[in-house]
2 protein chains.
Amino acid sequence: VTGVVVSTGSEPGAEAAAGPPPRRVGIVGSGLIGASIGLALRSRGVEVLLSDVDAEQVKVAEAMGAGRLWAGEPVEHAVIAVPPHAVAGELRRLRRAGLANTVSDVASVKTKPIAEAVRAGCDLTSWCPAHPIAGRERGGAASARADLFVERTWVLCPLPHTSAQAVAATAAVALACGAQPIRTSARRHDRAMALLSHLPQVVASLLAAAIPDLDAADLALAGQGFRDTTRLADSDPGLWGSILEGNRGPVAARSRLLAADLVRLAEVLESGSADAAADAVRGVVARGNAARTRLPSKHGTPERAWAWVGVVLADRPGQLGSLFTSIGRWGVNVEDIAAFEHSLDSPAGIVEIAVAPDVADDLLDRLGAGGWTAYRRS
Amino acid sequence: VTGVVVSTGSEPGAEAAAGPPPRRVGIVGSGLIGASIGLALRSRGVEVLLSDVDAEQVKVAEAMGAGRLWAGEPVEHAVIAVPPHAVAGELRRLRRAGLANTVSDVASVKTKPIAEAVRAGCDLTSWCPAHPIAGRERGGAASARADLFVERTWVLCPLPHTSAQAVAATAAVALACGAQPIRTSARRHDRAMALLSHLPQVVASLLAAAIPDLDAADLALAGQGFRDTTRLADSDPGLWGSILEGNRGPVAARSRLLAADLVRLAEVLESGSADAAADAVRGVVARGNAARTRLPSKHGTPERAWAWVGVVLADRPGQLGSLFTSIGRWGVNVEDIAAFEHSLDSPAGIVEIAVAPDVADDLLDRLGAGGWTAYRRS
């Protein structure tokens, strides 16, 4: 992560230095994105003020350490972290109250909120439209994470009117969250997101929505591939109604292209020879293989590489307490937990634990000596 | 994992006891699945013999401890772990050489290999067609894992001719690998897999294949959702040519249904009012939300409706031990753990705990009294 806003292409005024983060930031909307920005900024010493139409969200975000209730104090910079259709309204409200020197937003579509802000006569000089590309299928403050934006892209789509001060403040917030600010146009952003985010959401939801076509017994055949491909289907309907409605043209065009590809493949499978059918599939899969290699790495830096250790648990109360008490006593910090597989029908479950790589071998030894069945996940 | 083969529905002879695993198993095909079965069986003390048309795969599998080269010794049971189109041929070869008492396979499609085996005049009494539902987007012996099948479903599709001995040996291999054997018909299996596995593969590959539509600069906007939804696109073209060609009718039908859904959504996005467009999207996403909850837990039994309680943790060793020790002392059984969010940058983390619904309120009270910040996940 550099201290410079990188342009994605031919945008004018591409490079802009970003300074330290604003000292006091107000966040409108304390859901997943707003609370995560709060957590990240707090860890950098920024004073964070939180608001939300849902008071419960602010309470949870406060308890997590994401900031404190915004009681109308003026701030250097405000982040509008609400669904796309509500951005222009919040922008106008903030301006009228005169609460923030500069403003950015986080909406996943850009063209439509900008058009709405222009139509509503909002002040455009103090606003830098933006979009941090990070999220989770589950929203709400309780899902917030301080590291949600680390190594992610934070897109800035400044308008011709946007002041250098607003761009710099937005980039500084992005950098303080560990993200890489990049700059592109609202139109390019929306066209790219139609393929990279909105169509995957549509497809995940449509695939999941077909589940009721199968009997419960047949669903026992669902493997990890189906779960992963439909993970996004757990997303919030209201939020996604706002996002996809806000990018109608590009999403519709992408949906039609995919539909045409599916029909073309169906035709070969139905009517082609066995060789032609296998050839067509091989072609599609091979093109996917090749294209995936063109995805950029997340800014060149490797993901934090934890070592994963799996432990088999007996199915009785107290097993987890006893396990984590031992791990705590050994001074090992648990970084993440995953893939806990366990039910009353099963004599045993598995809990997988992420730890720093240099303590994994020692942990395995200690677990083994303590009578646990443990293994290292490759 | 129980010692019984569970039927998925109306299949006759649904329950069959499975004994200990065969003492000597031969594996034809030492790729991801074959080598993983070898690793799992070796860890249970089974003698494993390995073969492959690619000698390199056997070498890698041997080095990993998955077994030793199969030099033509007779075995109790043979597992054919090759792509679907090659199953019938290997079945006939094994039978001619008289090497195995009973045989199973692992192909992801069942109807077509069975038809081919019937047409080729293979012996059907000693063969139990089967399919362990586990895999990775990376194939080859080097990707093999002893725990690949733990808590997964291993589908058995015995024919009317299949001997009880062949079914029992196949179920015993599945159980020895930590999987739950379930029984269904080849037709039901193939129809379910078209939705649960084959269509997700097609969609992942088609989405990934559209990447070249975007400039390299626009690809910087790809987030985790796109990476996850296209993860399967890294799969092997040759293997998937064989799988999808082997299940042409159901895959074509599923592809056409999804295409129709996509076109229907595109029409509303293009021509509907803003409200109608947002409504249509909300409907699709909400249907996906609801349907996803119908997916069973990983070994075939439906997930129970647990209540989820979230607890905010300070970032220091021992917090988890102290939490789970208290929970154990209160006699509350933890059914699942999820969404542990925590990093070195964050002042706090969240652990979410699934418990029986009737104890959730009491647990929340006790946690509050014990000084924990806890909430109920809606």
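Predicted model: local features only at pLDDT ≥ 70, side-chain atom pairs only at ≥ 80, totals over all residues.
Figure 1. Arg93(A) has a relative accessibility of 40% and counts as partly exposed. The side chains of Glu90(A) and Arg93(A) form a salt bridge, with N and O 2.8 Å apart. The two residues stand 3 apart in helix α3 of chain A, so about one helical turn separates them. Side chains of opposite charge can pair when their charged atoms come close.

**Figure 2. The open sheet of chain A.** The sheet is built from 6 strands of chain A in the order β4-β3-β2-β5-β6-β7, with parallel pairing. Strands β4 (68–69) and β7 (127–128) of chain A are the edges, each pairing on one side only. Within the sheet, β5 (residues 75–80) and β6 (residues 100–105) of chain A run parallel and are joined by 5 bridges. Opposite Val75(A) stands Ala100(A), a residue of β6(A).

**Figure 3. Two helices against the sheet of chain A.** Helix α3 (residues 87–97) of chain A packs on the sheet and touches β2 (24–28), β5, β6 and β7 of chain A. The direction of α3 makes about 165° with that of β5(A). Helix α5 (residues 164–176) of chain A lies across β5, β6 and β7 of chain A. Its angle to β6(A) is about 60°.

**Figure 4. Salt bridges around Arg68 and Glu73.** In chain A, a network of salt bridges links Arg24(A), Glu47(A), Arg68(A) and Glu73(A). In chain B, the side chains of Glu73(B) and Arg68(B) meet in a salt bridge, 3.1 Å from N to O. Glu73(B) is buried, with a relative accessible area of 19%, whereas Arg68(B) is partly exposed at 34%. Over all chains, a search of the whole structure finds 41 salt bridges.

Figure 5. Glu270(A) pairs with Arg256(B) in a salt bridge whose closest N and O atoms are 2.9 Å apart. The pair crosses between chains: Glu270(A) belongs to helix α9 (residues 248–271) of chain A, and Arg256(B) to helix α9 (residues 248–271) of chain B. Glu270(A) is partly exposed, with a relative accessible area of 42%. Arg256(B) also counts as partly exposed, at 32% relative accessibility.

**Figure 6. The interface of chain A and chain B.** The contact takes in 133 residues of chain A and 136 residues of chain B. The size of an interface is often given as the accessible area lost when the parts come together. Between chain A and chain B, the buried area is about 12,000 Å², and carbon and sulfur atoms give 63% of it. The count of salt bridges between the two chains is 12. Asp228(B) and Arg231(A) meet through their side chains in a salt bridge, 2.4 Å from N to O. Helix α9(A) gives the most to the side of chain A that touches chain B, with 18 residues.

**Figure 7. Helix α11 of chain B and the residue that follows.** Helix α11 of chain B spans residues 319–329. Its buried residues are Gln319(B), Leu320(B), Gly321(B), Leu323(B), Phe324(B), Ser326(B) and Ile327(B). Just after α11(B), Gly331(B) takes a positive phi of about 80°.

Key. Residues numbered from 1 in each chain as written. Chains lettered and ligands numbered in written order. Heavy atoms only, no water. Pairing = 2+ DSSP bridges. Helix = DSSP H or I, 4+ residues; strand = E, 2+ residues; numbered from the N terminus. Contact = heavy atoms within 4.5 Å. Axes fitted to C-alpha atoms, helices over the stretch in contact; angles between N-to-C directions. Salt bridge = Lys/Arg side-chain N within 4 Å of Asp/Glu carboxyl O. Buried < 20%, exposed > 50% of the residue type's maximum accessible area, 1.4 Å probe, protein only. Buried area = accessible area lost by both parts, 1.4 Å probe.
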